[in-house]
Amino acid sequence: MVELTREQALELLARAPFGRVVYTRDALPAIRPVNHLLDDGLLIVRTRLASQFSTAVQSRSGVVVAYEADDIDIHRRTGWSVVITGIARPVTDPTRITRYEQLLQPWIGSPMDGVIEIEPTLVSGIRLIDNPIPDSSGTPGT
């Protein structure tokens, strides 16, 4: 396992097609898969205004959330994982909303009428490098 720099982690995150946002719902952690894009240092996600995630972000100013994306090959035991933690805010500027609606198409069939930005404060990531699984004798296998 190799630790990634902030820049390496954000570069991988920018290439990922989707991830999972972790937020607080009724004082408990909740997780939702969403697609995203990175724009000018901000992670952008689209959501339904009536969704629980959107409601959590809009009901409080400066909600802390986490976002995780990865690409893991379980057979080869290689890949990467990136986690960001930061402040989530609704995007309210109509010009930005229109731009993100054009750039970020929903990956599910439901209409998305809200846009949320997450400002990455903490960024961490790991890369899993090829590490053959030992056979029963302790010798690396193929």
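User: In what order do the elements of the protein chain run from the N terminus on?
Analyst: Helices (H or I, at least four residues) and strands (E, at least two) are DSSP runs, numbered from the N terminus. The protein chain has three helices and eight strands. Their order is β-α-β-β-β-β-α-β-β-α-β.

User: What kind of model is this, and how are residues numbered and side-chain values taken?
Analyst: This is a predicted model, where local features need pLDDT of at least 70, side-chain atom pairs count only at pLDDT 80 or more, and totals for chains, interfaces and linings use all residues. Side-chain values use heavy atoms, without hydrogens and water, and residues are numbered from 1 along each chain as its sequence is written.

User: Which residues have the most contacts inside the largest nonpolar core?
Analyst: A nonpolar core is a set of buried Ala, Val, Leu, Ile, Met, Phe, Trp, Tyr and Cys residues joined through side-chain atoms within 4.5 Å. Buried means under 20% relative accessible area, exposed over 50%, partly exposed in between (1.4 Å probe, protein chains only). The largest core has 25 residues, and those with the most contacts inside it are Phe53, Val65, Tyr67, Val82, Ile84 and Ile118.

User: Which elements give two or more residues to this core?
Analyst: Two helices are on the list, H1 (6-15) and H2 (52-59). The strands are S2 (19-25), S3 (28-34), S5 (42-47), S6 (63-73), S7 (78-90) and S8 (114-128).

User: Which residues does a second, separate core include?
Analyst: This core has seven residues. Among them are Leu37, Ile44, Val91 and Tyr100.

User: How far apart are the closest N and O atoms of arginine 99 and aspartate 39?
Analyst: A salt bridge is a side-chain nitrogen of Lys or Arg within 4 Å of a carboxyl oxygen of Asp or Glu. Aspartate 39 is buried at 16%, while arginine 99 is partly exposed at 38%. Their closest N and O atoms are 2.7 Å apart.

User: Why does the pair of arginine 89 and glutamate 119 tie together parts that are 30 residues apart in sequence?
Analyst: The two side chains form a salt bridge, with closest N and O atoms 2.8 Å apart. The pair ties those parts together because arginine 89 lies in strand S7 and glutamate 119 in strand S8.

User: Is glutamate 117 buried or exposed?
Analyst: Glutamate 117 meets arginine 96 in a salt bridge (2.6 Å, N to O). At 8% relative accessibility, glutamate 117 is buried.

User: Which residues do salt bridges that share partners join into one network?
Analyst: The structure holds six salt bridges. Those that share partners join Arg89, Arg96, Glu117 and Glu119.
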